[in-house]
Amino acid sequence: MASSEEDGTVEEKENNNKKRTKSALTTAWLTFYNIAMTAGWLVLALAMMRFYIKKGTHKGLYRSIARTLKFFQTFALVEVRIVRTSVIVTGVQVCSRIFMVWFVASSIRQIQNEESVILFLVVWTVTEITRYSYYTFKLLNHLPYFIKWARYNFFIVLYPLGVVGELLSIYAALPFVRRSGMFSMRLPNKYNVSFDYYYCLIIVMLSYIPLFPQLYFHMLRQRRRVLHGEVIVEKDD
Ligand SMILES: CCCCCCCCCCCCC/C=C/C(=O)SCCNC(=O)CCNC(=O)[C@H](O)C(C)(C)COP(=O)(O)OP(=O)(O)OC[C@H]1O[C@@H](n2cnc3c(N)ncnc32)[C@H](O)[C@@H]1OP(=O)(O)O
């Protein structure tokens, strides 16, 4: 009897040790990831400022930072599964950004000099520097209040501004997509499939109407929870 109790205790201890090691590894990996992402977006911010100071115009700015932007925005995909947040909430946010970068801004050169592209770039950059530095300092247990405040207040203005920038950029792309027929498949073809990227973009624009309020209200709930200590019960995916 005593020996089985002891066995149980040894097993429990081993399990607890394994859990502790796993959580220490996850924390170490997340800290590294968030530091790398903060650094990446800081590099982008500096590159944009340097370009603008040197050239005195935003024309050509997107092209000059496109590779770095593609890398760091695409890398955010790893977040969809590793963080505790709902997969749907994070998924919509990350996928819509990757779509904007790869299938709109980088694919349709004619819109790269639009002010709307610069608008969402600047807004994303400020957001991500704040967000990733928030996670980093939180993981290191040294979170300055102004970063916490910025994380849960900036989005009130930046989120709508980012959406305006993204929607105006997609809208500006429509005529070029229609004229070029890019990423589209017309019938007849050997797969007997038809796809029109022009209408796909219109559907993406319309999908902001139901999806954006959900992301925005999610952030408002997070804000109440973190800044005002409200207990919020989120639905599971
Ligand atoms: C295929 C095509 C699809 C097209 C579809 C189109 C539809 C698009 C519709 C909407 C598009 C929106 C476009 C918006 C663009 C912009 O971004 S504009 C710029 C302004 N943006 C913002 O301010 C972004 C705000 N949003 C976010 O921060 C996130 O994207 C989020 C997923 C909505 C955030 O949610 P969440 O993670 O739940 O918030 P937090 O409070 O920060 O985190 C919750 C807990 O999770 C921990 N955590 C999260 N990430 C990390 C991490 N990287 N590392 C460590 N920990 C992390 C965090 O600490 C929290 O923990 P606890 O407080 O302990 O619970």
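This note goes through the model point by point, from its basis to its helices, ligand shell, core and loop.

1. Basis. The model is predicted; local features need pLDDT of at least 70, side-chain atom pairs count only at pLDDT 80 or more, and totals for chains, interfaces and linings use all residues. Residues are numbered from 1 along each chain as its sequence is written. Helices are DSSP runs (H or I, at least four residues), numbered from the N terminus.

2. Length of α4. Helix α4 covers residues 87-105, which is 19 residues. The expected span is 1.5 Å times one less than the number of residues.

3. Kink in α4. The helix α4 has a kink of about 25°, centred on Phe99. The bend at a residue is the angle between axes fitted to the seven residues ending there and the seven starting there.

4. Buried face of α4. Thr90, Arg97, Met100, Val101, Val104 and Ala105 are buried in α4. A residue is buried if 20 or more other C-beta atoms lie within 10 Å of its own, exposed if 12 or fewer, and partly exposed in between; C-beta atoms are placed from the backbone. The buried residues of α4 pack against α2 (61-75), α3 (79-82), α5 (115-139) and α7 (154-180).

5. Ligand shell. The ligand is surrounded by 34 residues, and the closest are Thr85, Gln93, Ser96, Phe155 and Gly162. Here a residue is near a molecule if its C-beta atom, placed from the backbone, lies within 6 Å of it. Two or more shell residues come from each of α1 (2-55), α4, α5, α7 and α8 (197-228). The most come from α8, with nine residues.

6. The shell holds 19 nonpolar, ten polar and five charged residues. Ala, Val, Leu, Ile, Met, Phe, Trp, Tyr, Cys and Pro count as nonpolar, Asp, Glu, Lys and Arg as charged, and the others, Gly among them, as polar.

7. Core. The largest nonpolar core has 28 residues; Trp41, Val104, Ala105, Val117 and Ala173 touch the most other members. Two or more residues come from each of α1, α2, α4, α5, α7 and α8. The most come from α5, with nine residues. Such a core is a set of buried Ala, Val, Leu, Ile, Met, Phe, Trp, Tyr and Cys residues joined through C-beta atoms within 7 Å.

8. Leaving aside neighbours within four places in sequence, Trp41 is in contact with Phe72, Thr125, Glu128, Ile129 and Tyr132. Contact means C-beta atoms, placed from the backbone, within 7 Å. Tyr62 sits in helix α2. Tyr62 is buried because 21 other C-beta atoms lie within 10 Å.

9. The loop between α7 and α8. Most residues other than glycine have a negative phi, and most peptide bonds are trans. Phe183 lies in this loop, and its phi is near 50°. Phe183 is partly exposed because it has 15 other C-beta atoms within 10 Å. Asn192 is also in the loop, with a positive phi of about 55°. Asn192 counts as exposed, with 8 C-beta neighbours inside 10 Å. Pro188 belongs to the loop too. A cis peptide bond joins Leu187 and Pro188, with omega about -5°.

Notes:
Two residues are in contact if their C-beta atoms, placed from the backbone, lie within 7 Å.
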